[in-house]
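Subject: Structure for your review

Dear colleague,

Please find below the structure that I am handing over to you. I would be grateful if you could look through it together with the notes that come after it.

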Amino acid sequence: MVWPARSPDLSPIEHVWDMLGRRIAGRRVPLGTLHEELQQALLQEWVLLPLQAINDTIASIPRSCQACISAKGYHTHY
């Protein structure tokens, strides 16, 4: 498949990173020292990410690819 230049949303890891980022942003305690506290927070939240959400993201790849093909590489609302 030719990879469309305008569609970065086809990579499932980007969606997983987004889930992780939202969890980190939703923490009540702000992170103090960037490196160590952020690393610990990321590791803690990674373990708590629902496996089903990751599996759903992976399962959506064929639909995402088809939507991108239909949109001729332009933005999809998928």
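The following paragraphs set out what was found, part by part.

Please bear in mind that this is a predicted model.

I begin with helix α1. This helix has 14 residues and reaches 20 Å from its first C-alpha to its last, close to the 20 Å expected at 1.5 Å a residue. V16, L20 and I24 are buried in α1. These residues cover an arc of only 80° around the axis, which puts them on the same side of α1. As a general point, an α-helix has 3.6 residues a turn, so residues three or four places apart point the same way. The face of α1 turned away from the buried side carries exposed residues, namely R22 and A25.

Next come the aromatic rings. The count of aromatic pairs in the model is one. As for accessibility, W17 has a relative value of 47% and counts as partly exposed. W46 is likewise partly exposed, with a relative accessible area of 42%.

A nonpolar patch on the surface is formed by I13, W17, W46, V47 and L48, which together have about 550 Å² of accessible area. Helices α1 and α2 each supply at least two residues of this patch. The largest share, three residues, comes from α2.

Finally, I would draw your attention to a cysteine. C68 is found in helix α4, which covers residues 61-70. Is C68 buried or exposed? Its relative accessible area is 2%, and since buried means under 20%, C68 counts as buried. C68 and L10 are 58 residues apart in sequence, yet their C-alpha atoms are 8.2 Å apart in space.

With kind regards

Key. Residues are numbered from 1 along each chain as its sequence is written. This is a predicted model: local features need pLDDT of at least 70, side-chain atom pairs count only at pLDDT 80 or more; totals for chains, interfaces and linings use all residues. Side-chain values use heavy atoms; hydrogens and water are left out. Rings of Phe, Tyr and Trp (its six-membered ring) pair if their centres lie within 6.5 Å; planes under 30 degrees apart count as stacked, over 60 as edge-to-face and the rest as tilted. Buried means under 20% relative accessible area, exposed over 50%, partly exposed in between (1.4 Å probe, protein chains only). Helices (H or I, at least four residues) and strands (E, at least two) are DSSP runs, numbered from the N terminus. The expected span of a helix is 1.5 Å times one less than its number of residues. The arc is that of the directions from the helix axis to the C-beta atoms. Patches are made of residues with over 30% relative accessible area and no salt bridge: like charges are joined within 9 Å, nonpolar side chains (Val, Leu, Ile, Met, Phe, Trp, Tyr) within 5 Å. Accessible areas come from the Shrake-Rupley method with a 1.4 Å probe; for residues, only the protein chains shown count as cover. A salt bridge is a side-chain nitrogen of Lys or Arg within 4 Å of a carboxyl oxygen of Asp or Glu.
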